[in-house]
Structure formats: C-alpha cells, structure tokens
Amino acid sequence: MSLDFGIWVAGLVTLAIISHVWKENPLYRSAEHLYVGISAGHAVVVAWGNIRDTAAKPMQEEGQLIWIIPILLGVLLYTRYFKKIAWVARYPIAVMVGIGTGVAVRGAIHGDFTQQIAATVSVGSVNDILLLVFVIASLSYFFFSKEIKGPLSSVPQLGKLVLMVAFGAAFGTTVMGRMALLIGRIQFVLGDWLGIMK
Amino acid sequence: MKTYLPVLIMTVIALLIILDFFVADAPSVQWIKSSGLVLRSWGIVIAAFAMGLGAVNLLRRHTVAVSRREPEAFYSVLLLGSMLVVMVLGIASGTDNPTYSFLFNNILSPASATMYASIAFYIVTAAYRSFSAKSLESWVLLITAVIVMLGKAPIGSVISDIFPKAADWIQAIPNTAGMRAIVMGAALGVVSSAVKMFLGLDRTYLGLHD
C-alpha cells in the first residue's frame, strides 16, 4: 500500500467518482464539485495567461498599443451585467462570432470538403475503389432534393449500410477507449494505491 | 443600429479571415493576410475574457447558494473554495506552484480520467437497452461493433487472427467512407449557416430570436 499522500487523495477521488455507477451519493457529489471548481479555476488561470502573454506583454514591453482594442472588447463583454448598457456586449460577441465563423468556414471548405474529395478520388488500389464507391453511396443517402427511384435506388441503400458500419465502428472504438481508461483507473487503485496488483 | 452594425462587423471580420486563407500571397493583398492574422490573435484575447465571464457566472450562482443556505450549499462551498484556491495560486505564483500541481495531478487528472472511464458503464447499459437487432441495418451496426471490439481486445486475436485484420479494414475503408460523407455534409452545413448569418437571417448569437 502506498504511503504517498497524493496517491491516497487521487485514489479516494477515483473511488468517489466511480461510486456514481452504483448510485448518486454525497461522496460523488463532493468529488464532482471539487472537479468542477478546480477545472474552472484552471480555465481562468489559462485565460489569464493568454491575456498576459498575447496582449499585455506586447503592449507593455514593445509598445504595441493595438492590443488595447481586444482588451477593451473583452471588458465590454461584462456590460451584460448592467441592464441599460447590456446591448454593448453585442459588439464583442459579434467580433468573436465573426472570428469563429471565419475560422470554421475556411476549415470546412478546405479541410472538410475539398481535401476530403481530393483524398477520395485519388484511386490506386481495390480498397481505394471501394472507398470511392462507399463515399458516393453514403453521400447519395443524404440527397433529399429528389427521390432516387429505379435501379439507382440501391445506391443510397448501400450508403445506409456503409453508414451503419461506420456507426458500429465508432461505437466499438468508443467503448474500447473508455474500457482502456477504466482498466487504467483499476490498475491505479489496485496497483499504485493499494498494492494488491503488480 | 444596435442590431445591424454588429451583424456587419461580424460579416466583415468573417470574410476577412476566410479571404486570408484563400487569397494568393501577393503584396497587393498583404493587408488581407495581416488583418486575418491580427484578428485571429484578437480572438484568443476576447475568448479569454469570455472565459472570465463564465467564471463570474459560476461564482455568482454558488455564492448565492451559500448565502441563502440552500440544502446543497456544502457542495457550493467545496466548489467555491477549490476554484478560488486554484485561481489565486495560479495567477499569483504560476502553474508551477507545488499546491497547484498537487491539486491538478491528484484531483483534476484522476477525476477527469475516472469521469471518462465511468462512461464505459453507461455506454454498455445504453447499448443493451437500445440495440434491438430487428432490421438488417441494426444487425450490420451490431456485428460491426462486435468485430471492432474483438479486433481491439487481446481476446480477439486469441480467438482468430481474422478479428484484428477485419477491424483494421472496417476502420480504414467503410468507416472512413461513412465519416467522410458525414464530414462533407457537415462542411456544407457550416457554410450555409455562415451565409445565413452574413445575410442577417440568423441573429440568435446576438440574443435576438426573430
């Protein structure tokens, strides 16, 4: 059995959280609230570091006064707490949504669309041909503008089966990933903490 | 003015960032490139302030629970205490502080790993309840899941070498094909949602539900 205080704390936290599988209890609720509190505090510390390193330091050390603009926009987010001027918060939100939309759209057009097409049409083996057929079939399943009738109706049917295989594979991978984490926690409790298992 | 100007600002910023990626690296359009870069770094700073907004909301919610002595105020005390300790230590003395590291390594990390691990139980019970193999599609999903799980577990290769090979093939070909179709569809969805926002047809992000 470990004599390290940190390992004891980690072991008790692990047991408290896993106890939720049986039913919700005060130990779980305590560990859950500690987890949320530490996560939120950590997120604030990371955010503080981002403001300091990205905006405050260049402004103080290199005189880049342009960083006043994002800092001011960030501060304006807090006007939502004052009813009369709450509308001002729309401006920083608009800037944030604009940046997020721009980054999302360029990623969607380039990485998720054109690059996916390029990777699909580069055929060099039997598997590549199968991949191309399966992608076309799956895409045809999402084609709702006009009902596909006649001999071509088997294409979306094949697409549906390909999607079911993909969902099955995603489910299997997720279960195995979570099982690996669970085995890791069991090894920690029985091995590192209690010393029952080596 | 209070509505249209934010939509205009959002559209101009989004278009600049999109153009920044697609325009050639020529001196005549250098201003687009540099504006895109600057705007993206501004995003990091504004998002950091937004994170603070979330923290303030959390602090307010739990401070009210403690001051009203609600039945579950004890949990709010735990949350507030741990959050304030981590915030003060992290901001005052950095993330290398021994107490900060202790809380991170011995509470946050194991709690996070155990939260994800405990999902294994819920996935399996949910699957047991909902996987009624009554159609060809549900049989395909079920059989694929079993093959992939056996292919990834040591017992699979003990039973037969076919399981790891079949799992690898399923992941490389039909899984990639299905996911690729979903990703391409989602990409078109992202672009059409963005166009709706640029045209001012979707202004829910400003708190306007018209």
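The following paragraphs describe the fold of two chains, the contact between them and a few individual residues in a predicted model.

Residues are numbered from 1 along each chain as its sequence is written, while chains are lettered from A and ligands numbered from 1 in the order in which they are written. Since the model is predicted, local features need pLDDT of at least 70 and side-chain atom pairs count only at pLDDT 80 or more, whereas totals for chains, interfaces and linings use all residues.

The secondary structure of chain A consists of six helices and zero strands, where helices (H or I, at least four residues) and strands (E, at least two) are DSSP runs numbered from the N terminus. Along the sequence, these elements follow the pattern α-α-α-α-α-α. Chain A is divided into domain 1 (1–63), domain 2 (78–122) and domain 3 (126–198), with bounds that come from an automatic or database domain assignment, and the C-alpha centres of domain 2 and domain 3 of chain A lie 28 Å apart. The C-alpha trace of chain A spans about 65 × 60 × 35 Å along its principal axes. Its radius of gyration is 26 Å, whereas a compact globule of 198 residues would have a value near 16 Å; this radius is taken over C-alpha atoms, and the globule rule is 2.2 Å times the number of residues to the power 0.38. Buried residues make up 31% of the 198 residues in chain A, a residue being buried if 20 or more other C-beta atoms, placed from the backbone, lie within 10 Å of its own, exposed if 12 or fewer do, and partly exposed in between. Of the contacts in chain A with a separation of 6 or more, 22% are accounted for by residues 24 or more positions apart, two residues being in contact if their C-beta atoms, placed from the backbone, lie within 7 Å.

Chain B contains eight helices and zero strands, and from the N terminus on its elements run α-α-α-α-α-α-α-α. The radius of gyration of chain B is 25 Å, well over the 17 Å that the globule rule gives for 210 residues, so chain B is more spread out than a compact globule. Along its principal axes, the C-alpha trace of chain B spans about 65 × 55 × 40 Å.

The contact between the chains takes 93 residues from chain A and 91 residues from chain B. On the side of chain A that touches chain B, at least two residues each are supplied by α1 (5–18), α2 (26–62), α3 (68–76), α4, α5 (126–141) and α6 (154–193) of chain A, and α4(A) gives the most, with 23 residues. The residues of this side divide into 61 nonpolar, 25 polar and seven charged, where Ala, Val, Leu, Ile, Met, Phe, Trp, Tyr, Cys and Pro count as nonpolar, Asp, Glu, Lys and Arg as charged, and the others, Gly among them, as polar.

The first helix of each chain was examined in turn. At 1.5 Å a residue, the 14 residues of α1(A) should span 20 Å, and its end C-alpha atoms are 20 Å apart, which agrees; the expected span is 1.5 Å times one less than the number of residues. Among the buried residues of α1(A) are A:Val13, A:Ile17 and A:Ile18, and what covers the buried residues of this helix includes α2 and α6 of chain A together with α4 (98–130) of chain B. The buried residues of α1(B) include B:Met10, B:Ile13 and B:Asp20, and their cover includes α4 (90–121) of chain A together with α2 (30–67) and α8 (174–198) of chain B.

Of the 88 residues in the largest nonpolar core, A:Val95, A:Val162, A:Val165, B:Ile13 and B:Val86 touch the most other members, a core being a set of buried Ala, Val, Leu, Ile, Met, Phe, Trp, Tyr and Cys residues joined through C-beta atoms within 7 Å. Residues touched by A:Val165 include B:Val140, B:Ile170 and B:Gly178.

B:Arg69 lies in the loop between α2 and α3 (73–93) of chain B and has a positive phi of about 50° although it is not a glycine. B:Arg69 is exposed, with 7 other C-beta atoms within 10 Å.

Notes: Lists of a residue's contacts leave out its neighbours within four places in sequence.
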